[in-house]
Amino acid sequence: MQTGSFLLLMAVGLLLAGCAILAGAAVREARSEAAYPPEGKLLNYNGHQVHVVERGQPQGTAPDLVLIHGSNGSTRDMTFHLSPALEDRYHILIFDRPGLGYSDIIDPEGTSVQTQAEMMRSVSQQLGVERPIVLGQSYGGAVALAWATDHPDSVSAVVSVSGVSHPWESDLPLFYKLTSSRLGGLLLVPILSALVTEDYVLNALDEVYAPQTVPEGYGAHFGLAMSLRRTSLRANARQRANLRSEIQAMAPRYGDLSMPIEIVHGTADTTVGISIHAERLANETSTARLTRLEGVGHMPHQTHTEAVVAAVDRAAKRANLR
């Protein structure tokens with residue numbers, strides 16, 4: 001076979017494989033969205049769709065509480081254990097962060113924590129919520145702090161659960177380097193979206209939950225395939241790639257915060273280390289109180305929900321909402 005013919009066959013083969021991968025990803029995404037449709041309202045922020053779930057008591061009859069999920073999560077992470085434990089005494093708004101769940105990407109290069117906070121503040125006000133308690137878990141903790149530093153008069157209190165607050169030394173993991181790049185987003189992300197199994201994702205969660213285990217029913221409730229959609233993988237990777245620089249610029253402002261801050265963090269958290277984040281935040285803010293959960297990993301809102309609920313109640317009391 002001549003070299004030209006061989007290269008042509010190779011090109012055709014690669015093209016067909018690429019088309020099959022894209023088709024597979026599209027079919028899988030359609031199935032996941034059919035199985036896990038939006039649970040809340042689809043609102044508008046500067047021309048972008050925002051998905052927000054409203055739970056609990058009627059607005060105006062109980063303290064307002066905003067819940068913000070972590071990396072590659074969705075509102076469903078917050079409606080598994082945490083929201084049901086709070087709905088009897090709070091009016092709750094739960095947001096899909098940009099590019100995740102059913103909220104649109106705002107910045108294709110990676111929507112900053114500051115823009116995410118402004119989006120949630122604006123949409124909350126559309127719904128009549130002016131000064132909520134803002135709870136963020138993991139990456140969502142950084143969004144909660146961005147809301148508090150940029151718009152302190154619109155926050156009654158902050159609750160950080162395993163939250164990111166300070167810059168760290170380790171380099172960006174290779175996975176995020178690849179998936180946040182233009183070439184990786186074009187080539188690698190569709191392959192992951194089409195081929196990675198839900199069982200693989202569920203097994204990967206073991207590391208996030210460790211030393212605790214993934215609660216029974218969490219995967220089915222969360223909808224693991226939703227996090228494997230191409231838009232979600234790209235949005236999450238780019239946000240994650242930009243996070244350290246955003247945190248580095250924000251952290252010097254924590255000393256100016258005056259609202260009550262409750263921090264809940266596991267001592268065995270290897271995803272967001274307590275000494276790098278929670279302990280420093282407690283030391284640098286005069287109103288912060290840290291609750292250490294001995295031997296607990298990164299997901300206390302699922303494994304030790306009562307401790308997180310108690311922190312919300314303390315925040316409400318300290319903010320004179322109770």
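A salt bridge here means a side-chain nitrogen of Lys or Arg within 4 Å of a carboxyl oxygen of Asp or Glu. Helices (H or I, at least four residues) and strands (E, at least two) are DSSP runs, numbered from the N terminus.

Before going on, please keep in mind that this is a predicted model, in which local features need pLDDT of at least 70 and side-chain atom pairs count only at pLDDT 80 or more, while totals for chains, interfaces and linings use all residues. Residues are numbered from 1 along each chain as its sequence is written, and side-chain values use heavy atoms, with hydrogens and water left out.

The structure holds 16 salt bridges. Another of them joins the side chains of glutamate 109 and arginine 182, at 3.1 Å from N to O. This pair links distant parts of the chain, 73 residues apart: glutamate 109 is in the loop between strand S4 (91–95) and helix H4 (113–126), and arginine 182 is in helix H7 (residues 182–195). Glutamate 109 is partly exposed, with a relative accessible area of 43%, whereas arginine 182 counts as exposed at 63%.

A further salt bridge brings together the side chains of glutamate 39 and arginine 55, at 4.0 Å from N to O. Here glutamate 39 belongs to the loop between helix H1 (3–35) and strand S1 (41–45), and arginine 55 to strand S2 (residues 48–56), 16 residues apart. Both partners are partly exposed: glutamate 39 has 34% relative accessibility and arginine 55 has 25%.

Now follow the chain to strand S5. Is strand S5 (residues 133–137) mostly covered or uncovered? It is mostly covered, since five of its five residues are buried. In a regular strand the side chains alternate between the two faces of the sheet. In S5, Ile133, Leu135 and Gln137 point one way, and Val134 and Gly136 point the other way.

S5 has partners, and two strands pair if DSSP finds at least two bridges between them. Strand S3 (residues 64–68) pairs with S5 in the parallel sense over four bridges, and leucine 65 stands opposite isoleucine 133 in S5. Strand S6 (residues 157–161) also runs parallel to S5, joined to it by five bridges. There, glutamine 137 stands opposite valine 161 in S6. S5, helix H5 (residues 139–150) and S6 make a right-handed β-α-β unit; right-handed means that, with the strands pointing away from the viewer, the path from the first strand over the helix to the second runs clockwise.

On a 1 Å grid over the protein atoms alone, a cavity is a set of points where a 1.4 Å probe fits but cannot get out, and a pocket is an open set with protein on both sides within 12 Å along at least five of seven lines; lining residues have an atom within 4 Å of a point. Grid points are joined across faces, edges and corners, and a volume is the space filled by probe spheres set on the points.

The largest pocket has a volume of about 1,300 Å³. It is lined by 42 residues, and the closest to its centre are Ser71, Tyr176, Val208, Asn236 and Thr271. Helix H6 (174–180), helix H8 (198–209), helix H9 (218–222) and helix H10 (230–250) each supply at least two residues of this lining, and H8 gives the most, with six.

There are also three cavities of 30 Å³ or more. The largest cavity holds about 70 Å³ of space, and its lining includes Glu39 and Arg76. The second largest cavity has a volume of about 50 Å³, with Asn72, Phe222 and Arg229 among the residues that line it.

Conventions:
Buried < 20%, exposed > 50% of the residue type's maximum accessible area, 1.4 Å probe, protein only.
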